[in-house]
Amino acid sequence: MSVVFSEVLPADWDQDLQRCLTVAHHARQLGQFQMGTTAAARAWVLAQQQESDQHRLAAGQLRLFFALRTGQFQQVLDLAEQVLPLAAELLATRELNEMLRWAALAGAELGAFDTAMNHAHRALQLAQTQGDRVVQALALNSLAVCFHAMGDPWQAERMMRDGAVLMGDEAGPYELLVHSINLTEVLLTQHNITEMLVPPEQTRQLLIRTLHVAREAAQHARTYAAPYALMCAGANLGEVLGLLGEHADARQHLLRAQELARSLGAQHIEGSLYARLARLALEQQQPGQALHHAEHALALMSSESHWSTLFGPQQLHATAYRAAKALGDSACAMHHLERLQQLQRRRNLLALQALSQHTHARVEAESWGLCQSGRTLVRDQAEPMARSDPLTGLSTGALLQQHLPELLLSAEQERRCVTLAVLEIDHFDTLLCHGGQAVGDTLLRDLAQLLRDNVRHSDMQLRSQSQQLQVVLCGVDAKHAAEVFERLREAVLQADWSALALPQRVSLSVGLSCTPPYNAEWLTQHAEAALYRGRQNGGNRVLLG
């Protein structure tokens, strides 16, 4: 790299616009963020002098990239206001959406949730208009990051997994990398929120699931072979390993990521790594070291206001509070607790303000997969008609009979697959006889809630018979539908049904059928046949008809 930037370049390289752009491009490819920032900034100045929209866009795009990578999030938002109008005129959809995604990520980091959601929502609408499934998935991922930053990692996980389903086999190394790194961080936040609230075994199950995603991210980072990706994936993996008690491996990953952060000039990541090292020290019963790391990172953040974030300090103050409490330093612990509570109140206020402005963003994000007739279905479900089951809150079978043929016709014309799922609680009649109608009602009502928690809002969810539920998933093939309902099946198994005092474990069977053919009767018959076959073989399974 010294050959590229020191020996080959002429002394006056920064006086020529094209050379500046070339240097910035090379720096981006090589992960030399400091050099890239300098070259892109100089190219921006020269492009302004030439009054060329193409050159301004090229320089602005590079400046946005380096500002994001070096944690200059406010600069990203300021630049976006100048560059995005040019990008909308001159760039292809994928490039424009990537820039919108960068702006959304920067806004989420700063707590500028209204701005972040504006950019993410615009990216999603644009991708839907173009019909590019991969770009839609990345836009959905950026909206999920907004919800994560606003304190709802569960909604974020649902959106990210929906995005993964949407991409399917079209996802490339970059898309897989973005999905797995961001999902790892979302799952880590779920753990941090629930750690002291759920049984240890449930905490460990979540961490095992997170470790699986973190290792996938590390593999994708090696395939993608970009230093920044290796740094982020390694940092996440190190944190998960530390929480699972594998302290030596965790420290190795974190220190390697910290070395990469320094070499890249990514100071904001270096600061977050001190936070992770602080957490690791706390896990190793080293509160003094934990407090030192946490306060060092907080000092870095206060001195580097251009990359300070809303989310990072909360984690640091939480760790510092626990460390100071373990050390018996009540005054220090109280200071960090008060700062933590102030930041949480600020984030909650900003999140509520943003959500009040962007309720449509949640709806739009959850309805990415619907064809036009499907959108009509969602509206119809909201109508105050006798189409809602009073026990479960789901739609009734009448809605399916009325609209499924229309939906299938539209899906066939658009060449989109449709999957029908039919599900029942195993041995429902036996459980009903044991506990009475009240137990049966509770089982169905709780199953309906688990269903809502595990499928998209846009998927048509119905109670078609007394004990049978159905789901129509537009744009989801059988393979990915099976993954969705395997998660639901496992959720039913893990749910706490102890209050019902049942004689056996509650489990679920699901029958699936998928187009083609685009025939409502065929889909229903094959899904019910698969359900029956699963129940005949002992239940607790998901089968395709």
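Gln285 sits in the loop between α14 (267-283) and α15 (287-303), in a predicted model where local features need pLDDT of at least 70, side-chain atom pairs count only at pLDDT 80 or more, and totals for chains, interfaces and linings use all residues. Residues are numbered from 1 along each chain as its sequence is written, and side-chain values use heavy atoms, with hydrogens and water left out. The chain has 24 helices and six strands; helices (H or I, at least four residues) and strands (E, at least two) are DSSP runs, numbered from the N terminus. Buried residues make up 54% of the 545 residues in the chain. Here buried means under 20% relative accessible area, exposed over 50%, and partly exposed in between (1.4 Å probe, protein chains only).

**Loops and backbone geometry**

- Most residues other than glycine have a negative phi, and most peptide bonds are trans.
- Gln285 is not a glycine, yet its phi is positive, near 60°.
- Gln285 counts as exposed because its relative accessible area is 67%.
- Ala225 also has a positive phi, about 60°, although it is not a glycine.
- The place of Ala225 is the loop between α11 (200-224) and α12 (227-243), and its relative accessible area of 56% makes it exposed.
- Thr515 and Pro516 are joined by a cis peptide bond with omega of about 0°.
- Pro516 and Pro517 are likewise joined by a cis peptide bond, with omega of about 0°.
- Pro516 is in the loop between β5 and α24 (520-536), and Pro517 lies in the loop between β5 and α24.

**Helix α20**

- Helix α20 covers residues 397-413, which is 17 residues, and reaches 25 Å from its first C-alpha to its last.
- That span is close to the 24 Å expected at 1.5 Å a residue, where the expected span is 1.5 Å times one less than the number of residues.
- At His403, α20 bends by about 45°, and a proline, Pro405, follows within four residues.
- The bend is the angle between axes fitted to the seven residues ending at a residue and the seven starting there.
- The buried residues of α20 include Leu400, His403, Leu404, Leu407, Leu408 and Ala411.
- An α-helix has 3.6 residues a turn, so residues three or four places apart point the same way.

**Helix α22**

- Helix α22 (residues 437-454) has 18 residues, and its reach from first C-alpha to last is 26 Å, close to the 26 Å expected at 1.5 Å a residue.
- Among the buried residues of α22 are Val439, Gly440, Leu443, Leu444, Leu447, Leu451 and Asn454.
- The buried residues of α22 are covered by elements including β2 (418-425), α21 (428-435), β3 (460-463), β4 (468-474), α23 (478-494) and β5 (508-514).

**Packing of α4 and α5**

- Helix α4 (residues 53-69) packs against helix α5 (residues 73-90) at an angle of about 145°, with the axes 9 Å apart.
- From α4, the contact includes Leu57, Gly60, Leu64 and Leu68, and from α5 it includes Phe73, Val76, Leu79 and Val83; contact means heavy atoms within 4.5 Å.
- The residues of this contact divide into twelve nonpolar, four polar and three charged.
- Ala, Val, Leu, Ile, Met, Phe, Trp, Tyr, Cys and Pro count as nonpolar, Asp, Glu, Lys and Arg as charged, and the others, Gly among them, as polar.
- Axes are lines fitted to C-alpha atoms, for helices over the stretch in contact, and angles run from 0 to 180 degrees between N-to-C directions.

- Glu98 lies in helix α6 (residues 93-110) and is classed as buried because its relative accessible area is 15%.
- Not counting residues up to four places away in sequence, Glu98 touches Leu138 and Tyr174.
- Glu239, in helix α12, is buried, with a relative accessible area of 12%.
- Leaving aside neighbours within four places in sequence, Glu239 is in contact with Leu188, Asn192, Leu254 and Arg276.
- Cys20, in helix α2 (residues 17-30), is buried at 0% relative accessibility.
- Cys20 and Ala43 are 23 residues apart in sequence, and their C-alpha atoms are 5.3 Å apart in space.

**Contacts over the whole chain**

- Of the contacts between residues at least 6 apart in sequence, 68% join residues at least 24 apart.
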